[in-house]
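Dear colleague,

I am passing on the structure that we discussed, together with some notes on what turned up in it. Please look through it beside the text below.

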Amino acid sequence: MHASVTAFMERIKARNPHEPEFLQAVQEVADTIIPFTEVHPKYRKFKILERIAEPERVIMFRVPWLNDQGEVEINRGFRIQMNSAIGPYKGGLRFHSSVNLNILKFLAFEQVFKNSLTGLSMGGGKGGADFDPKGKSDNEIMKFCQSFMTELYRHVGADIDVPAGDIGVGAREVGYLFGQYKRIRGEFTGVLTGKGQDWGGSLIRPEATGYGVVYFALDMLATRGESLKGKTVLISGSGNVAQYTVEKCISEGAKVVTMSDSEGFIYDPNGIDQEKLIYIQELKEGNRGRIKEYAQKYGCAFYPGERPWKIKADIAFPNATQNELDEQDAKTLLANGCICVAEGANMPCTPQAILAFSQAKILYAPGKASNAGGVAVSGLEMSQNSQRYSWSREEVDAKLQQIMKRIHSICVKYGTEKDGYINYEKGANIGGFVKVADAMLAQGIV
Ligand code: NAP
């Protein structure tokens, strides 16, 4: 490893012990940004990357609520306000039992680069709670969301910090959070994105991350004269991002053969068609069903406790969660002829898996580039809210496609190696960094 990267990481590790995912995310960025700053010394002199790796503010709070048995439950809520150099903090809320400071700091750090890549004016943030909505009644979810917002409202606002959904936070949760914010503040403003479409939400927002990752994959494939037509595709996850990735893959003529959840994956060699996808969407509505029920209904295989990467396919979209695709999985995918991996989830591939993909010179896109469609349409939702106006489905979809193309071209600009190989990871890191770094330089030491 580059000596100055090692020295930088030693300082970050000393300040953030016991935060492995955060350190993993910073290391992945430092590997490409530190060498870049050595040829652009103004960024080093003003310690831009050191400052980006330190949250502007961390808010941590108690979330007490009453369950359906009348018992008191206590969760821990967080909001990480990571960087506001180019706009109000923006990033989702995650409700999952694995949520802690480390996980949210990694997500907030990634979000800074991702939001910059969209070209829209959005800083980076992330939040959530160690609350698991699975198995909870609607009443319990509402009480939890109301208690969470009763503290969070002090720290957010349409021009300050605009949260959205993530794992465990969908339209239902955003609705309850928004209702409580409106009640406490007495104002109807665009404080959250992912709202219902009759009350300020943008068309295409639910679809945006999944559609966006497919648009990005199409641009990558086009650099090699390829498309999705006739390709066999592996998808992990069965939530929001996974579902709309499946939908777009189907419309592009690909055959999707797997989906998963935390209990295992289904393998349907005939492919998941539109009708089967509707079944999955109904099954997963409000987190009520499990993916194994698909295997029972359609008579296909279910692999308990396993991930889909051992199935032979051309393209993989890891769309569930962090570190779900490791070095061994990467080698299996490569041995089976996989030509493209595009991340719908945040940091789903381990560093060793990414190294294997880049050594094999296949197409690999990091989530901060390929899954930016969700936050991009959230940015468009903010614009529509400010204008008190809404765009048609076609208008939003066209803007989403333009934004994904823009991100792709930034990755090509900053990531093309001497031999012509496009290192999307390097391109996304540098492309995302430059805009934020220049804004920080212009704004002084703050
Ligand atoms: P979601 O609707 O809650 O779905 C999450 C899916 O991932 C579920 O199928 C879930 O299975 C699975 N999953 C979660 N934790 C898992 C674990 N530890 N092991 C195996 N499977 C697991 O969430 P989502 O919005 O689709 O988000 C999925 C990923 O995309 C996350 O990394 C998120 O940060 C990223 N992302 C989302 C957006 C967005 O707009 N929503 C935008 C950019 C990036 P269970 O139901 O069994 O937990």
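Which residue in E9 does Phe265 stand opposite? Phe265 stands opposite Tyr303 in E9. Before going further, please note that this is a predicted model, in which local features need pLDDT of at least 70 and side-chain atom pairs count only at pLDDT 80 or more, while totals for chains, interfaces and linings use all residues. Residues are numbered from 1 along each chain as its sequence is written, and side-chain values use heavy atoms, with hydrogens and water left out.

Helices (H or I, at least four residues) and strands (E, at least two) are DSSP runs, numbered from the N terminus. Two strands pair if DSSP finds at least two bridges between them. Strand E8 (residues 264–267) is joined by four bridges to strand E7 (residues 255–261), the two running antiparallel, and four bridges also join E8 to strand E9 (residues 301–304), again antiparallel. A hairpin of two residues leads from E7 to E8, and Met259 stands opposite Ile266 in E8.

In helix H12 (residues 327–335), Asp329, Ala330 and Leu333 are buried, that is, under 20% relative accessible area, where exposed means over 50% and partly exposed in between (1.4 Å probe, protein chains only). These residues lie on the same side of H12 because they cover an arc of only 100° around the axis, the arc being that of the directions from the helix axis to the C-beta atoms. Gln328 and Ala335, on the other side of H12, are exposed. The buried residues of H12 pack against strand E6 (232–235), strand E10 (315–317) and helix H13 (351–360), with contact meaning heavy atoms within 4.5 Å. At the N-terminal end, Asp326 caps H12 through a side-chain oxygen 3.2 Å from the backbone nitrogen of Gln328, and just after H12, Gly337 takes a positive phi of about 90°.

A polar side-chain atom of Asn346 lies 2.8 Å from an oxygen atom of the ligand, and a backbone N or O atom of Val241 lies 3.0 Å from an oxygen atom of the ligand. Taken alone the ligand exposes 880 Å², of which the protein buries 85%, areas coming from the Shrake-Rupley method with a 1.4 Å probe.

Definitions and conventions:
A polar contact is a pair of N or O atoms within 3.5 Å; within protein, one must be able to donate a hydrogen and the other to accept it, and residues adjacent in sequence count only if both atoms are side-chain atoms.
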